Amino acid sequence: MSPSGLQGVNWQTASNRQAHHTDRFYSQDLIVRRGQPFHMSVTLSRGLSSGGSVTFTVSTGPYPSESAKTKAVFPLSNGTSSSGWGAQLVSNRNNVLNISILSPANAPIGRYTLNMQISSQGSDSMLKLGTFILLFNPWLQADGVFMSNHAEREEYVQEDAGIIFVGSTNRIGMIGWNYGQFEEGILNICLSVLDNSLNFRRDPATDVAHRNDPKYIGRVLSAMINANDDNGVISGNWSGSYTGGRDPRNWNGSVEILKEWQRSGFRPVRYGQCWVFAGTLNTVLRCLGIPSRVITNFNSAHDTDRNLSVDVYYDPLGRPVEKGSDSVWNFHVWNEAWFVRSDLGPSYNGWQVLDATPQERSQGVFQCGPASVIAIREGNVDWDFDMPFIFAEVNADRITWIYESNGALKKNSSDTHSVGKYISTKAVGSNSRVDVTEKYKYPEGSSQERQVFEKALRKLKPRVSFSATSASSLARDEQEPSISGRFKVAGVLAVGKEVNLVLILKNLTSDTKTVTVNMTAWTIVYNGTLVHEVWKDSVTKSLNPEEEIEHPVKITYAQYEKYLKADNMIRTTAVCQVTDEPEVVVERDVILDNPTLTLEVLDEARVQKPVNVQMLFSNPLDEPVKDCVLMVEGSGLLLGSLKIDVPALRPKERSRVRFEILPTRSGTKQLLANFSCNKFPAIKAMLSVDVAE
């Protein structure tokens, strides 16, 4: 008797996807999560004979092997298998086999092929059933990415839009970001990211076998989201000049970036800065089923020499000097992913830092993490992975040096508390800011905080007596300054308007003091890259005992207009010199507001019904603006993105642009817009749209 032939396979996609929380993916594939059974039915051309046996084979990757657990062969049984892959016969009627297939909770994730072999009366037939995609399972306690809290799971796995905090400590702003992990084609692109990694290219069999481990996948992704070393997804650029690509501030989300990377044959997309890397990594992590969130650290240190201090330099005229590679970024954005750390022990499970921004090499490649947030707080800088760098980002001391007029370099002051402020992430279920600074470090100035810092220094520099290197000891031999200074903002800070600041100087002594003040202002990129000097001034002031005086600073639009970048940041510095005393350095970064871009929905939003949206923008300048483009995107509200050319605007003219969106999902969705023109490189707007069924 000839063996049974295959008449049809029903993957029961709709019910499986609902049971496996993968029903939000726009995809025809069967997408399931590991450690949880899925159901299918197979129709044969004739029934199974009583003595026949059925075995299944699953395999993933180009070199599947049972020893590497990238292939499994298992029988169709009536019971459940203890561990590993298993298939259970649920029913067998009229040549239709209803089967339940179970994967291990630690199986490698990725695309699998499923085959079925039927042996009866000495003849075998091999039936190819098809393919499915296996993902991490945060709903399952046995999975290393398990997250028990329902609201957190909804946010960190299922939410496809979010908020990223940007700006500076005295001006925290936010931008919307479209993660879009369920959009059409994105899951396949995320799997391509893994298949383009250096590890896969060097040794595909081993790489695929390691894809059972969220630690491994997180580290590979942190390398692959940046283009350095491996033709990864995004090419970074902090120069202030973005010709040949898109200004990093123009992106509204990850979907366009990932699609462009795939369309170009996996050529790096130009250009990104830290929040672009983090937003894109967040998409890939959530897409694969690893809970993740985006974190912003204000005054983030970039310590290149592992001494837990960053050095900043000024010349005698008050100009910041770009010397050495240490820097303090106004803000830096990275990710946290949620999984167990079997390598460190259960007390270090939970949030792990991953950073895809290419800053320093780790094991020869631009990658960073995973680093346990709890271990960072405890100062365990000798643990895996990249702990010293991340510890320094939130803890480094900031040391100021000044070049004397004779060229000699002199240490001016050290500051132990300005780095690592207002560490922020979006709240679960709302757009509020949650401050997570206390998860990264003990309270500033507490005894535990200094103890952890000194423990970290001892681990990094066992041969150095740490009392000689920590900033607290350096502070002891610093002369107390006789004056203090600070910049205060006077009036509004807006692009197109004059910037008005006041330098407030105070004599702290009971003697008269004469102060020479050298001031400069530069436009900068948010990471401190100096773009251009736009203003300078020098004054000499006499201060009576304990007197406080104000010196006005005015920077006109004409002075800064040509040199202001999309960051809208200007750094003002004043080096204040009293004869025979150390200089007092006063610095303030100001962020100028863009004019408002308004979005409004003109109809009630319903699924599959076109909705009109209106954009309003007024040109605030006394000159025309041209080359105006509006870019719109939002998962669940429109497929892909809209690009609308907007006519030029005369001085003070108001523009109104209408466009149509087509919601595909109900619930609250986020619509994002970016308006750019020759005078305003990136004006952002976002709008929450409630879509009815």
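1. A residue is termed buried when its relative accessible area is under 20%, and exposed when that area is over 50%. The structure is a predicted model, and the remarks that follow should be read accordingly. C677 has a relative accessible area of 8%, so this cysteine falls in the buried class. C628 is likewise buried, because its relative accessibility is 3%.

2. Do these two cysteines form a bond, or are they too far apart? A disulfide requires the two sulfur atoms to lie within 2.5 Å. The cysteine sulfur closest to that of C677 belongs to C628 and is 4.6 Å away, which is too far for a bond. C628 is accordingly in no disulfide, and the count for the model is 0 disulfides.

3. The largest nonpolar core comprises 66 residues, and W275 and L288 have the most contacts inside it. Helix α8, spanning residues 274-288, supplies the largest share of this core, with 10 residues. Leaving aside residues up to four places away in sequence, L288 touches several residues, including I109, L135, F136, L187 and I217. Another core, of 60 residues, lies apart from the largest one; V495, Y560, V625 and V646 are among its members. In soluble globular proteins, nonpolar side chains tend to be buried together.

4. E480 sits in the loop that runs between α13 (471-476) and β24 (483-489). Its relative accessibility is 67%, and E480 is therefore classed as exposed. T400 is 80 residues from E480 along the chain, and the C-alpha atoms of the two are separated by 15 Å.

Definitions and conventions
Residues are numbered from 1 along each chain as its sequence is written. This is a predicted model: local features need pLDDT of at least 70, side-chain atom pairs count only at pLDDT 80 or more; totals for chains, interfaces and linings use all residues. Side-chain values use heavy atoms; hydrogens and water are left out. Buried means under 20% relative accessible area, exposed over 50%, partly exposed in between (1.4 Å probe, protein chains only). A nonpolar core is a set of buried Ala, Val, Leu, Ile, Met, Phe, Trp, Tyr and Cys residues joined through side-chain atoms within 4.5 Å. Helices (H or I, at least four residues) and strands (E, at least two) are DSSP runs, numbered from the N terminus. Contact means heavy atoms within 4.5 Å.
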